Amino acid sequence: MLERVARDLSRGNELQHSLKAVGYGAARSSALWFQGAGVGEQVAGMLAKPNYCKQLQDAGVTEVGVYLDSRQIWIVFAAPFAPQLGMSGQATGQRVLNLVNQARATRRYCGSTMFNAARPVRWNNVLAESSRVHAEDMAHHNYFSHNGRDGSDPAQRVERAGYNYRTTGENIAAGQMKPEDAMKAWLDSPDHCANLMNPAFIDMGVAVAVDARSDMGVYWTQIFGAPR
């Protein structure tokens, strides 16, 4: 893929556009360009110059692609986007549950609305499974929405999973690598924060899905509910 990117750069394309065109998700990337007669024979000496040392020694770069013709050479350096959470699904769920109950223990504003402290929510496996299905669907099909690809809304998915609810609500987030970061995003959003602080909710499930081919890499779904 990076060879194709290097070739595209030789034809005047931009680096980020070319990476996207070939489907290469890059955590970081850069390119070097040399031109002139006999550039292929001279490139080793050119690369030995001190001004290229930092780029060549970048430990975060893991892959390279090269395009060479009679008068120019393009070298593309990159590291593929490979999101890793560093926690098991069970540990992630427990951490989010703890963070939610810490947040609910304190009165706070969600936007302009004040919420009093609320009782803790408890873990619910059915809501966690519904969360997992939606998080994985978003990750593997590269979209971010409360509406599923089948047209379902959060309440319909909860019911489909087998949770007989009196009330329910869903939070989603994308791109955050840590539970703390997902929680911050939800608390910073008035609507998501209101779900977190809603005293009517009793149960919670959450799941996270990772797909390096997607735009955001990491997708979170959190579902609250109160049974009938």
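Val64 belongs to strand β2 (residues 63-68), where helices (H or I, at least four residues) and strands (E, at least two) are DSSP runs numbered from the N terminus. The model is predicted: local features need pLDDT of at least 70, side-chain atom pairs count only at pLDDT 80 or more, and totals for chains, interfaces and linings use all residues. Residues are numbered from 1 along each chain as its sequence is written, and side-chain values use heavy atoms, with hydrogens and water left out.

**The open sheet**
- An open sheet of 4 strands has the order β6-β8-β9-β7, with mixed pairing; two strands pair if DSSP finds at least two bridges between them.
- Its edge strands, β6 (122-123) and β7 (165-174), each pair on one side only.
- Strands β6 and β8 (residues 203-210) run parallel and are joined by 2 bridges.
- Trp123 stands opposite Met204 in β8.

**Helices on the sheet**
- Helix α9 (residues 190-197) packs on the sheet and touches β7 and β9, contact meaning heavy atoms within 4.5 Å.
- The direction of α9 makes about 135° with that of β7; axes are lines fitted to C-alpha atoms, for helices over the stretch in contact, and angles run from 0 to 180 degrees between N-to-C directions.

**Gln222**
- Gln222 is part of strand β9 (residues 218-227).
- Gln222 counts as buried because its relative accessibility is 0%; buried means under 20% relative accessible area, exposed over 50%, partly exposed in between (1.4 Å probe, protein chains only).
- Leaving aside residues up to four places away in sequence, Gln222 touches residues including Val96, Trp186 and Met204.
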